[in-house]
Amino acid sequence: MFLCCWLVLGALIPTTLSINPGVKVRLTEKGIEYGRQLGMADMQQKLNSIQVPDFSGKKRVSPIGKVQYNLSNIRVLKVGIPKSSVDLVPGTGVRMSIGDAFISLNGRWKVKYLRIIKHSGSFELNVNGLSIATTISIKTDETGRPAVSSDSCSAAVGSAKVKFHGGASWLYNLFTRFIDKALRNAIQKQICPRANTVVSDLNPQLKTLNVLAKVDKYAEIEYSMVSSPTVLKSSIDLSLKGEFYNIGKHQEPPFSPAAFNLPPQNNNMLYIGMSAFTVNSAAFVYNNAGVLSLSITDDMIPKSSPIRLNTITFGVIIPEIAKQFPGLMMKLLVKMEKTPTLTFEPNNATVQATTTVTAFAIQPNSTLSPLFVLNLEASVSARMFVSEMKLAAAVTLNKMDLTLDKSNVGDFQVRSAFLYNNIQLAKGYPLPTIGKMKLMNTQLDVLKVRDTDNMLLLFF
């Protein structure tokens, strides 16, 4: 049963080799819309941080003559982004657009004219009709993670209206148009750099993709990208390696995954597809780690169990053991004889495994005396589900057929066992994640990929 559980665990872990991915991730327009909302919140923060420098100058105003002016302490009060959109550009990336945005600011002003006359007061500045358009490319960085960059950016300010308060504000009304233009240009120069920062801020988050996720003390999963993201009309598709490796030793298995495609579905925000190459890779990895060959001794059995691994207990079933090897402890060697086979059914995975169980009596000098060899054919089912960004399963051992291969203690009858022990694999295996990402309202389907014998797990 221990080996069968390992096989099912292996069947739950995505792997791949070469250029074909073992895992595919699809972010649909609904997912991108969610990203737009987060991006606009960041953009609003960036626009709130606009700093208009103090500036001063001279302007000849009739009939007074030359007027010296100074605008200072200009601060952003409010930013509004009523219209925004994110559109996919097939083959390139994403286009982010903002329209009809506005910024409200205030500050202080001072003037001096006729050499001795000075006035000061406050002013309000309303920037309206602000538009931003930036194109974002999506590629793969040197670590196999997605990376984004701003390819182009344009920004325009529709109007900037100044309203002055206090002092000789009538003077400013004579050259408001000039000041409007100066303030508008000062603000417009800062918009694209801030939009580019919104884009570059995504990369630290993307770098949190768990390209190498530890599973247990034997294995880890690599989720690096095998190619640059594919930008389609209605989705962004990521091809992840997803290969299962022994920890610290990335040895490739003697087989490779076949190509597969995600179904043409876009109703949900996120899809994660995994190929059935998983089970073969998992078996290869755990076999290399020696996990699929198991030695069982009495100290591995709970002390509270009345059944002990010794010739006394087995002597009840096979009297000859108790006669030939009285009062000795025993050891069982469980060994995988051939590659397990995996089949998928809706919401369920079934693993067929063939093993041998060799029993030994442990002599006082620690030598092993062979007793018998059993052949074991087992069938295990797993109902899979997602829990806290991990793929988990509830395992049921459906059937275990035992037959006698050879015996050194005479012939004896072996009964087939039909067991329904449910084992909850609550620990699960890590899915590809970014930052503190969480999956909500998760569903899981098990599908067969058309025209191939590969299987596909689909999350959405």
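The model is predicted: local features need pLDDT of at least 70 and side-chain atom pairs count only at pLDDT 80 or more, whereas totals for chains, interfaces and linings use all residues. Residues are numbered from 1 along each chain as its sequence is written, and side-chain values use heavy atoms, with hydrogens and water left out.

**Whole chain**

Begin with a cartoon view, in which 8 helices and 23 strands can be traced. Helices (H or I, at least four residues) and strands (E, at least two) are DSSP runs, numbered from the N terminus. Of the 460 residues, 49% are buried; buried means under 20% relative accessible area, exposed over 50%, and partly exposed in between (1.4 Å probe, protein chains only). A contact requires heavy atoms within 4.5 Å. Among the contacts with a separation of 6 or more, 67% are between residues 24 or more positions apart.

**First selection: T28**

Select T28, which lies in strand β1 (residues 23–28). T28 counts as buried because its relative accessible area is 0%. Next, display its partners: setting aside residues up to four places away in sequence, T28 touches S234, S235, Q265, N266, N268, M269 and Y271.

Move to V52, in the loop between α2 (29–48) and β2 (55–61). Is V52 buried or exposed? V52 has 4% relative accessibility and therefore counts as buried. Beyond its neighbours within four places in sequence, V52 is in contact with I74, L105, L183, A186, I187 and Q190.

**Third selection: the disulfide**

A disulfide is a pair of cysteine sulfur atoms within 2.5 Å, and a search of the whole structure finds 1. Select C153 and C192, which this disulfide joins at an S to S distance of 2.2 Å. The pair links distant parts of the chain, 39 residues apart, with C153 in strand β7 (residues 146–156) and C192 in helix α4 (residues 176–200). Viewed about the S-S bond, the link of C153 and C192 is left-handed, at -90°. Finally, inspect the surface at each end: C153 is partly exposed at 27% relative accessibility, while C192 is buried at 17%.
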